[in-house]
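Subject: Structure handover

Hello,

Here is the structure you are taking over. Please look through it first, then read the notes below.

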Amino acid sequence: MSEQGPSEPKGRGDAWTEERGTSDTPRAPKGAARSGLSDTPREPKGAAPSGLSDTPREPKGAAPSGLTSDEGARREDGASRAPGGEREDTAPGGEREDTAPGGEREDTAPILEVRELTVHHGQLQALDHVSLRVFPGEVYAIIGANGAGKSTLLRTIAGLHQPTEGSIRYDGQDVTRVRPERRAISGIGMVPEGRRLFGSLTVEENLQVGATYARKGPWTIERVYELFSWMKDRRAQRTEQLSGGEQQSVAIGRALVANPRVLLLDELSLGLAPVVVQRIYGMLPEILATGLTVLLVEQDVSQALRVASHLQCLLEGRTTLEGKPSEVTPEQVEVAYFGLRTPVGEGSEEP
Amino acid sequence: MVWVNDIIQGILVGGLYALFACGLSLMFGVMKVINLAHGDLAIIGGYIAVGVIAVTHIPVLWSFVIVVPLMAVLGYVLQRSVIQAALDRSILTTLLVTFGLSVVIENALLEFVNANSHSLGVNDAIITSSFSIGSQISIAYLLLLIFVVAVVVLTGLQYFLSRSRYGRMIRAVADDREAAQLSGIDYRHVFGIAAAIAFATVALAGIAYGMYSQFSPTTGTDTILLFAFAAVVIGGLGSLWGTLLGGVVLGVSQAIGAQISGSDEFLAGYIVFLAVLVLRPQGLIARKATS
């Protein structure tokens, strides 16, 4: 997968600049929102490994504006993404594995790096040499149809599946054989598909369990109650009595209180009403403002495009498209998502 | 008045049955392991107490100070090794493995101890004496003590599970062990802790039974395990208060059965057991081991 470098839109670094350029035109606050989301990695530069501790500083100011305008900004973003042309300074030919020319964030080390990951469920191959690199502060979205291997990828990163091949590096360390609970403690948090709350425990107990081995950081149970205002009043309720959206919020809170550096979000939208999905994704800027890096899996492409700073599409266990949301055209996404015909243009890969 | 006495005796014996059952209930509630070696492990507790008393000459009532920690350690070790290995394969495998464990323990006891019956502290005053209420009701101190211990153990366990950090982790793991892993919890360790607690109660059950009656290598399966099962099923699997209720219902029905005819004692208990299985298979109190 990593060999397809030449055809791949590479330099992630500069896209921020571009994006700001495109989106600034229609609406002013948007630039702020965008940068609030994505600027983070810039700052830590060499300090990436210790990213958590220092990240919160910069986005602070940007976050509020991001919050207020993010809905509009994102949507716009999605719309204006199509043309995708205006990136002169990206090097389409940049290599995948190494730094792309001109990109700022390549100075920082990826916080999460997956190389050539192959995973089998029994006889079935769920992932076929998938690679990805996630940089601090990024919102990295993996899209794909049912059965594309998205959840398997996240679960393998969390340690719940063992790969047959390939490696996973987190914060410069090889964690491929590390047990899931050790990974969680070291800062890889996950909101699993289908919420997976402790149903017989109360809301507060769920959060307390999440905080059992919490790292130091900005998130506390109180802070989660501030993020989701309804939660405090119902903290003594068992989670099995909550609605789907409320459960999803508790699941997010449970992951946050551990103060992860990388948060894996597996299909947040699953089984939720569109309005609820909007609301939950609307929380993302506020969460990101605390310095988290997000790797999310989403079947709902428009939702993913709205929030992502980097995009990767899986089809039947393989990467079919990778790039910034601003660089890929809806046609490319469609092809990569459904695999209807051989993808063309940048971002394509031999299927 | 005879009936009142029967019921009181039944309730008190129910405390002993609840003590038999609570370890079984806990292990099922948390790790879905039906421990068929449960009774034999209680008997091991009894034999350890016999040995400890013979060597150290401590009073029988204090033997638990040594036996309970020993059994707890054994519980942790067995869970982390044999039982966990079985769990990793399938739930069904744990049935086979614990059944095998039961057979091994029974035969090892026959081989290395002997087939004779043992009992604990037959000459201690507290074990043999009783007090009377009126002319018809006589209450043995020992049975009263066992009942109180059972209530204290169950209350303590309930409190531990609902209030403590470890209790919360145990309930979380019982609900969803994968999600617990994502919160940094090593469920195998938590299972070990739960097994240690279960085995500690098993040790108490073994000592209590040794003082109340007498045991031989086969008592574990033919008495303790069966009564524990009956109490758990009557009360409701995984519910601690249900376990106490189940023990009491079993004890009372046996006492009433014995009053009707001496040979009906156990029959009456099993009839109630079957009736519950048919009419209310989830048990009288259907809830999880959790709050």
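The largest nonpolar core has 177 residues, and those with the most contacts inside it are L19(B), F20(B), A194(B), F199(B), L204(B) and A231(B). Helix α9 of chain B, residues 187–212, gives the largest share of this core, 18 residues. A nonpolar core here is a set of buried Ala, Val, Leu, Ile, Met, Phe, Trp, Tyr and Cys residues joined through C-beta atoms within 7 Å. Buried means that 20 or more other C-beta atoms lie within 10 Å of the residue's own, with C-beta atoms placed from the backbone.

This is a predicted model, in which local features need pLDDT of at least 70 and side-chain atom pairs count only at pLDDT 80 or more, while totals for chains, interfaces and linings use all residues. Residues are numbered from 1 along each chain as its sequence is written, and chains are lettered from A and ligands numbered from 1 in the order in which they are written.

Beyond its neighbours within four places in sequence, L204(B) is in contact (C-beta atoms, placed from the backbone, within 7 Å) with L19(B), F64(B), V68(B), V149(B) and V153(B).

In chain A, strands β1 (residues 112–121) and β2 (residues 124–134) pair in the antiparallel sense over seven bridges. Strands (E, at least two residues) and helices (H or I, at least four) are DSSP runs, numbered from the N terminus, and pairing requires at least two DSSP bridges. L117(A) stands opposite V130(A) in β2(A). The two strands, β1(A) and β2(A), form a hairpin with two residues between them, and G122(A) in the turn has a positive phi of about 60°.

Regards

Terms used
A residue is buried if 20 or more other C-beta atoms lie within 10 Å of its own, exposed if 12 or fewer, and partly exposed in between; C-beta atoms are placed from the backbone. Two residues are in contact if their C-beta atoms, placed from the backbone, lie within 7 Å.
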